[in-house]
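Subject: Structure handover

Hi,

Here is the structure I promised to pass on to you. Have a look at it first, and then read on for what I found in it.

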Amino acid sequence: MAQMLGGSWIGRLWLLLVAVAALVAGIELAALSQGDLRGPATRFFFGPSGEWVQPSGVTPTIETLVDGTTVTAIGDSVLLAAVDDLEALVPGIEIDAEIGRLVHEVIDVLKEQSEAGRLRDVVVIHIGNNGEFSDSQLDEMVAIAGSEREVVFVNVTVSREWEGPNNRVIARGVQHHPNVFLVDWHATTQQVSGLLWEDGVHLRPEGAIAYAEMVAVFLQP
């Protein structure tokens with residue numbers, strides 16, 4: 001096909017446009033993988049050369065393990081499935097995750113840990129798989145954590161009608177609170193196949209590794 005196109009100025013122009021588009025895409029992906037991973041922009045994890053690195057066992061594609069002694073993670077069964085891989089990549093992280101957990105239960109856990117002086121400097125929250133939640137509930141979670149902490153929300157992929165509304169709540173929270181950040185799990189699951197079981201929610205082993213790598217990359221100083 002390249003020979004057929006190359007015979008005319010239209011064909012040469014087409015090939016030039018394709019080459020430029022490929023170059024721009026490569027630069028953008030490299031920036032995502034090597035740039036600053038904190039901030040309100042959505043993020044998803046690619047390998048160090050800009051390509052997706054298919055995980056195969058706990059072999060970190062991050063340069064160094066992340067110190068988890070300042071990190072608290074709270075969530076539901078999706079977070080629970082990634083516990084082993086998170087503990088391998090973010091040693092010292094404290095994780096509180098339960099099957100079927102709802103937003104009001106996360107609020108209770110945050111209050112309990114805050115009142116006990118156990119809430120760490122960075123709070124990772126993955127919630128919203130088991131039902132819809134509101135802007136006011138997100139605001140309450142952020143208020144409990146306090147303005148001095150970083151609050152990192154991992155958004156959701158769930159084959160239910162509340163997927164979009166919940167992800168929009170999180171996106172608005174990132175815009176409204178300067179200490180709130182987003183790890184875009186939803187974008188990754190849309191771009192990479194094989195991370196989830198057939199229910200479209202829960203993590204396969206490859207998904208658990210990818211999930212842990214995304215969080216670990218984001219937490220790198």
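Predicted model: local features only at pLDDT ≥ 70, side-chain atom pairs only at ≥ 80, totals over all residues.

Let me begin with a single residue. Ala171 is found in helix α7.

Is Asn167 buried or exposed? At 13% relative accessibility, Asn167 counts as buried, since the cut-off for buried is under 20%. Leaving aside residues up to four places away in sequence, Asn167 touches Asn155, Val156 and His186.

Now for the chain as a whole. There are 9 helices and 5 strands. If you walk along the sequence, they come in the pattern α-α-β-α-α-β-α-β-α-β-α-β-α-α. The chain has 221 residues, and 46% of them are buried. For contacts between residues at least 6 apart in sequence, 68% join residues at least 24 apart.

You will find Val151 in strand β4, which spans residues 150-154. Its relative accessibility is 0%, so Val151 counts as buried. Which residues does Val151 touch, once those up to four places away in sequence are set aside? They are Val123, Ile125, Ala145, Asn179, Val180 and Phe181. For Val123, the C-alpha atom is 4.8 Å from that of Val151, although the two residues are 28 residues apart along the chain.

Next, have a look at how two of the helices pack. Helix α5 (residues 103-115) and helix α6 (residues 135-145) meet at an angle of about 10 degrees, and their axes are 9 Å apart. That angle makes α5 roughly parallel to α6, because angles under 35 degrees fall in that class. The crossing of these two helices, α5 and α6, is left-handed. On the α5 side, the residues in the contact are Val103, His104, Val106, Ile107, Leu110, Lys111 and Ser114, and on the α6 side they are Gln137, Glu140, Met141 and Ile144. Sorted by class, the contact of α5 with α6 has 6 nonpolar, 3 polar and 2 charged residues.

Trp185 sits in helix α8 (residues 185-191) and Tyr211 in helix α9 (residues 205-219), so the pair ties together parts that are 26 residues apart in sequence. Trp185 counts as buried at 1% relative accessibility, and Tyr211 counts as buried at 1% as well.

Two further residues may be worth a click in your viewer. Gly92 lies in the loop between α4 (83-89) and β2 (94-97). With a relative accessible area of 40%, Gly92 is partly exposed. Not counting residues up to four places away in sequence, Gly92 touches Gly68, Thr69 and Arg120. The C-alpha atom of Gly92 is separated by 7.9 Å from that of Val71, a residue 21 residues apart from Gly92 along the chain.

The other is Glu87, which lies in helix α4. Glu87 has a relative accessible area of 41%, so this residue is partly exposed. Beyond residues up to four places away in sequence, Glu87 touches Ile93 and Ile95. Gly68, named above among the contacts of Gly92, has its C-alpha atom 8.2 Å from that of Glu87, at 19 residues apart along the chain.

Happy browsing, and do write back if you have questions.

Best wishes

Note on methods. Residues numbered from 1 in each chain as written. Heavy atoms only, no water. Helix = DSSP H or I, 4+ residues; strand = E, 2+ residues; numbered from the N terminus. Buried < 20%, exposed > 50% of the residue type's maximum accessible area, 1.4 Å probe, protein only. Axes fitted to C-alpha atoms, helices over the stretch in contact; angles between N-to-C directions. Parallel < 35°, antiparallel > 145°, perpendicular 65-115°, else oblique. Left-handed = near helix turned anticlockwise from the far one by under 90°. Contact = heavy atoms within 4.5 Å. Nonpolar A, V, L, I, M, F, W, Y, C, P; charged D, E, K, R; others polar.
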